[in-house]
Amino acid sequence: MAPAGSSYIIVGAGVFGVSTAYHLIRKYPSASVTLVDRDAFDADSRVAASWDWNKVMRADYDDPVYCELALEAQDVFTSDPLWRPFFHQTGLYWMCGRDYARDCIRNFERLGRHHDISVWPVDEARNMFGGLFSESDYTNVEQVLARAGGWVAAGDCLQAVTRRVLELGVAYVADEVAALQTTTFPLPIVLGPSNFGNKHEPGSTEPKLQPVSNSF
């Protein structure tokens with residue numbers, strides 16, 4: 001359990017901020033967790049990289065760490081009732097060079113997920129999906145990766161998860177952040193991008209943190 005009186009301030013309510021709040025409040029139900037963002041979570045549009053109609057869900061990375069993390073995320077989206085309604089597992093069609101395909105396949109095999117990826121030569125790939133991509137530009141493309149990826153309704157998903165964290169007891173403050181003030185330092189703070197107004201130090205893109213006599 002979190003120590004008595006533990007509190008967390010998360011600046012930025014995009015995917016990283018909301019995910020952090022979600023896991024914190026589930027692990028420490030008695031903690032005080034506050035999300036701060038310049039936009040209301042249910043606004044028609046948001047200043048957040050994760051706010052969009054859709055985002056591609058894919059795990060075919062040649063970097064083994066990225067590949068493993070992406071597969072873990074995809075497993076959550078296909079199994080967890082909170083996330084599952086927003087994942088559309090349409091499959092993906094990824095044109096790439098031979099070395100990239102080889103590294104991706106190696107990562108999937110290392111993780112025991114070889115059944116989640118397949119490789120096709122260009123001549124065969126042209127006929128997939130009813131020939132939908134038969135006229136695509138395959139210059140310098142040697143192989144095509146096809147696997148069980150898809151897309152996520154990103155904006156709707158972010159709203160749904162935010163509503164869930166509010167139900168779990170997380171507070172949400174919609175306002176600009178000019179400075180963070182606390183009686184102790186360091187303070188457990190998660191800083192998200194694009195959440196600070198024009199009140200910070202001239203020429204600086206970072207918030208100003210200063211210890212003061214009054215608590216935050």
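Are F77 and F87 buried or exposed? F77 is buried, and F87 is buried too; here buried means under 20% relative accessible area, exposed over 50% and partly exposed in between, with a 1.4 Å probe and protein chains only.

A word on the model: it is predicted, so local features need pLDDT of at least 70 and side-chain atom pairs count only at pLDDT 80 or more, while totals for chains, interfaces and linings use all residues. Residues are numbered from 1 along each chain as its sequence is written, and side-chain values use heavy atoms, with hydrogens and water left out.

Now the rings. The structure holds nine aromatic pairs, counted when ring centres of Phe, Tyr or Trp (its six-membered ring) lie within 6.5 Å; planes under 30 degrees apart are stacked, over 60 edge-to-face and the rest tilted. Two of them are tabulated here.

| Pair | Centre distance | Plane angle | Type |
|---|---|---|---|
| F41 and Y172 | 5.7 Å | 65° | edge-to-face |
| F77 and F87 | 6.1 Å | 55° | tilted |

F41, in the loop between β2 and β3, and Y172, in strand β9, are 131 residues apart; both are buried. F77 belongs to helix α2 and F87 to strand β4, 10 residues apart. (Helices are DSSP runs of H or I with at least four residues, strands runs of E with at least two, numbered from the N terminus.) Y22, F77, W83 and F87 make up one aromatic cluster.

As for strand β7 (residues 143-147), four of its five residues are buried. Strand β5 runs antiparallel to β7 over five bridges, and β6 also pairs with β7 in the antiparallel sense over five bridges; pairing takes at least two DSSP bridges.
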